[in-house]
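Me: I have a new model open and have not looked at it before. Can you walk me through it?

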Amino acid sequence: MDKYSVKCLQCGEVQDPYSLACSQSDDSLIRTYYSSEQLEPTDMPGIWRYYNWLPVEDIIEEGSGRTVTYKSEKLASALGLTNLWVAFNGYWPEKDAYLMTCTFKDLESFPTMQRLREQDEKRVMVVASAGNTARAFAHACSITGQPLLLVVPEESAHRLWTTHDDNSSVCLVTVKGDYFDAITLAGKIAARDGFVNEGGAKNVARRDGMGTVMLDAVLTSGNLPDHYFQAVGSGTGGISAWEASMRLAADGRFGNTVPKLHLGQSLPCAPLYSLWKGSDAVDAACPDGIYDDVLFNRKPPFAVKGGVKDALEATDGDIYAVSKQEAADAQELFESSEGIDLIPAAAVAVATLMQAVEAGKVKADDRIVLNITGGGQKRLAEDYELKLLPVFLSVSADDEDAEDRIVTAVMEKLGA
Ligand SMILES: *Cc1c(COP(=O)(O)O)cnc(C)c1O
């Protein structure tokens, strides 16, 4: 029997396992179905502990880490909670946490790169990102040597650091514009000969990789939680948590109720919150004013079949919006109580939890998983030199020949 199959959520048809969309319906996500109904952790390194529920046939041995879940004492007691589990994604050697780019984007990049290897893909993979995704793919590609084109808003280039000396398979292009401009440009390039798109939320490897946060939390705590908290931009992590929960519910050993999703966004730039609440919580100047611009995504997969709306409805979940001050206070509380630094986006999840506690949406003894999507960058800098990736090319979003210039230069450097 095959390890897994991939099906369209709209028409139910089995798809090519490596496809990013249904051959019939564009408005639906496709999803992985694993033949092994029970979660059996392996003793392989990093994320590959969850190999059985990842859509891969082999692993990348080097450089992968995984989520580390632990029961919170200090933050929990500060919030009056008794059953708070922190699913930590980042670098924290004292806790055996080794996601080397300090966010859960490493959980997406490794399975995605592994699948490119399986397909013997020689084309240049194109990734558009506000920073953390780009860093995670650069890390994985510096290990595998897969050619990679990163298209990143100029203002995010400071996030493109690496611990590797050799990044010769990676081209970093910066765009004057926002994340949406970067996505648009990357989309055009990915459609050209010699380039391939990584697929974002449509990519089952990205979602199932992020779903390992829930797998780790449930294996460690012993049960499906009542509540799951995460800061979101695209909401892909929320979709992934829901999908992983359904698999765990079907496993039978961890309870059969999927956790409520409590997803957090940062005011005044909260597009998903706006879509969910039917209000307008997006300032014209966005992403200016947001607590962490990795959380700003102008086209999140909200209404698509299997997307954020479906995930919220199926789990009786909700989206919250937190102010900059709430996020800053939450960051301070988390860092001082738990003893590790946060990537700012993760503080939005902590602030979301604080709002939910305040509003009585969670009870003192409820089982809660708090996804700390990124942390430990300061801790990492104590142990490693963080070097900025060199900028290969810098373009402007309304530059007519930007696309051609990039294609020509990148093919010259990385083309097969
Ligand atoms: C990308 C990112 C998020 C948001 O992830 P979604 O794709 O919206 O699930 C949250 N925190 C950090 C640190 C991130 O890098």
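**Ligand site and surroundings**

Reply: The ligand has 16 residues around it, and Lys-105, Gly-233, Ser-234, Gly-237 and Thr-373 come nearest. A residue counts as near when one of its heavy atoms lies within 4 Å of the molecule. This is a predicted model, where local features need pLDDT of at least 70 and side-chain atom pairs count only at pLDDT 80 or more, while totals for chains, interfaces and linings use all residues. Residues are numbered from 1 along each chain as its sequence is written, and side-chain values use heavy atoms, with hydrogens and water left out.

Me: Which polar backbone atoms lie by an oxygen atom of the ligand?

Reply: One belongs to Gly-237, 2.6 Å from a ligand oxygen, and another to Thr-236, at 3.5 Å from a ligand oxygen. A polar contact here is a pair of N or O atoms within 3.5 Å; within protein, one must be able to donate a hydrogen and the other to accept it, and residues adjacent in sequence count only if both atoms are side-chain atoms.

Me: And what about the side chain of Asn-132?

Reply: An N or O atom in the side chain of Asn-132 is 2.9 Å from an oxygen atom of the ligand. The protein covers 96% of the 380 Å² of accessible area that the ligand has on its own, by the Shrake-Rupley method with a 1.4 Å probe; for residues, only the protein chains shown count as cover.

Me: Which elements give two or more residues to the shell around the ligand?

Reply: Strand 12 (227–231) and helix 6 (236–251) do. Helices (H or I, at least four residues) and strands (E, at least two) are DSSP runs, numbered from the N terminus.

Me: New topic. In what order do the strands of the open sheet run?

Reply: The order is 11-7-8-10-17, five strands with parallel pairing. Two strands pair if DSSP finds at least two bridges between them. From one strand to the next, the twist averages 30 degrees. Angles run from 0 to 180 degrees between N-to-C directions, with axes as lines fitted to C-alpha atoms, for helices over the stretch in contact.

Me: How many bridges join strand 10 and strand 17?

Reply: Four, in the parallel sense, with strand 10 covering residues 170–176. Val-175 stands opposite Val-395 in strand 17.

Me: Which strands does helix 3 lie across?

Reply: Helix 3 (residues 132–144) lies across strand 7 (124–128), strand 8 (148–153) and strand 10, at about 160 degrees to strand 8.

Me: What does Lys-387 touch?

Reply: Lys-387, in strand 16 (residues 387–388), touches Leu-160, Trp-161, Thr-162, Thr-163, His-164 and Asp-165, not counting residues up to four places away in sequence. Contact means heavy atoms within 4.5 Å. A polar atom of the Lys-387 side chain lies 3.4 Å from the backbone oxygen of His-164.

Me: Which peptide bonds are cis?

Reply: The bond from Leu-267 to Pro-268 is cis, with omega near 10 degrees, and the bond from Cys-286 to Pro-287 is cis, with omega near 10 degrees. Pro-268 lies in the loop between strand 13 (260–266) and helix 7 (271–277). Most peptide bonds are trans.
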